[in-house]
Amino acid sequence: MLEWKIIEHCSPTLAGLKTANIFNYRFSSTDSLLEEIQAENQKLNQKGVFIEVLKIKDTQVLLYVYRKKRLESDLKKDEVKTLLFRYGYKSEEMENCLLELKTRLSESNDFPHEIGLFLSYPLEDVIGFIEQEGKNYKCRGLWKVYCNECETIKLFARFKKCTAVYRKLFTNGRSITQLTVAA
């Protein structure tokens, strides 16, 4: 079940087109959830992809599937560091930033606006969302777009096509390991 959800929601990350994706996943027991995550991490970590729990509420978990080296690189960009520091992040180190993100998620029912930086959303769109309070966007897909509308529409189409191809391949017997591009 978890593998299908990863394919459904994270194919662009598995394919190396995107740094990360998040999705909600329902579970029946915490122990079985942690076993599932551990089993998937054993398969995916060798390809540079990691699964981490961002937040648990009742029988639902917010899972973060990401490419570790790419996230480290994304978070070290000067403009990204500046925005994260402005929002109270005290370190540019990936592990510390993820801990801060988890804290922010646990303290609120809303997503912190800077979460887009952890999902490889363009910085201009994250800033646009913050400044425009989620309004006045040019278009929307995986995120609300404030800049480079034409390029982003093409990118959304690539993500959608990737997901469709991965669904089909997985349904036809390809394993999640086979579908994950090595970092």
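Y89 lies in the loop between helix 4 and helix 5, the latter covering residues 94-106, where helices (H or I, at least four residues) and strands (E, at least two) are DSSP runs numbered from the N terminus. The model is a predicted one, in which local features need pLDDT of at least 70 and side-chain atom pairs count only at pLDDT 80 or more, while totals for chains, interfaces and linings use all residues. Residues are numbered from 1 along each chain as its sequence is written, and side-chain values use heavy atoms, with hydrogens and water left out.

Although Y89 belongs to a loop, Y89 counts as buried because its relative accessible area is 2%; buried means under 20% relative accessible area, exposed means over 50%, and partly exposed lies in between, with a 1.4 Å probe and protein chains only. Leaving aside neighbours within four places in sequence, Y89 is in contact with L84, C97, E100, L101, R104, E114 and F118, contact being heavy atoms within 4.5 Å. With another partner, E114, the side chain of Y89 makes a polar contact to the side chain at 2.8 Å. A polar contact here is a pair of N or O atoms within 3.5 Å; within protein, one must be able to donate a hydrogen and the other to accept it, and residues adjacent in sequence count only if both atoms are side-chain atoms.

The protein has nine helices and five strands, and from the N terminus on its elements run α-β-α-β-β-α-α-α-α-α-β-β-α-α. Its C-alpha trace spans about 45 × 35 × 30 Å along the principal axes. The radius of gyration of the protein is 16 Å, which agrees with the value near 16 Å that a compact globule of 183 residues would have; this radius is taken over C-alpha atoms, and the globule rule is 2.2 Å times the number of residues to the power 0.38. Of the 183 residues, 42% count as buried, and among contacts between residues at least 6 apart in sequence, 54% join residues at least 24 apart. The side chains include 29 positive and 25 negative ones, and the centres of the two sets lie 7 Å apart. In that count Lys and Arg are positive and Asp and Glu negative, with His and the chain ends not counted, and the place of a charge is taken as NZ of Lys, CZ of Arg, CG of Asp or CD of Glu.

T13 has its place in helix 1, residues 2-14, and N21 lies in strand 1, residues 20-26; their side chains make a polar contact at 2.5 Å. T13 is buried because its relative accessible area is 0%, and N21 is likewise buried, with 8%. Leaving aside neighbours within four places in sequence, T13 touches K18, T19, A20, N21, V65, Y66 and R67, whereas the corresponding contacts of N21 include H9, C10, L63, Y64 and L119.

L63 is also among the contacts of I37, together with L2, I51 and V53, once neighbours within four places in sequence are left aside. I37 has its place in helix 2, residues 30-44, and counts as buried because its relative accessibility is 7%. The C-alpha atoms of I37 and V53, 16 residues apart along the chain, are separated by 8.7 Å.

Further along, the loop between helix 6 and helix 7 holds S120, a residue other than glycine whose phi is positive, near 60°. S120 is partly exposed, with a relative accessible area of 22%. Helix 7 itself, residues 123-132, has L123, D125, V126, G128 and I130 as its buried residues, and what covers them includes helix 4 (78-86), helix 6 (115-118), strand 5 (144-145) and helix 8 (149-171). After helix 7 comes E133, whose phi is positive, near 55°. A positive phi, of about 50°, is found again in N148, which is not a glycine; N148 sits in the loop between strand 5 and helix 8 and counts as partly exposed because its relative accessibility is 43%.
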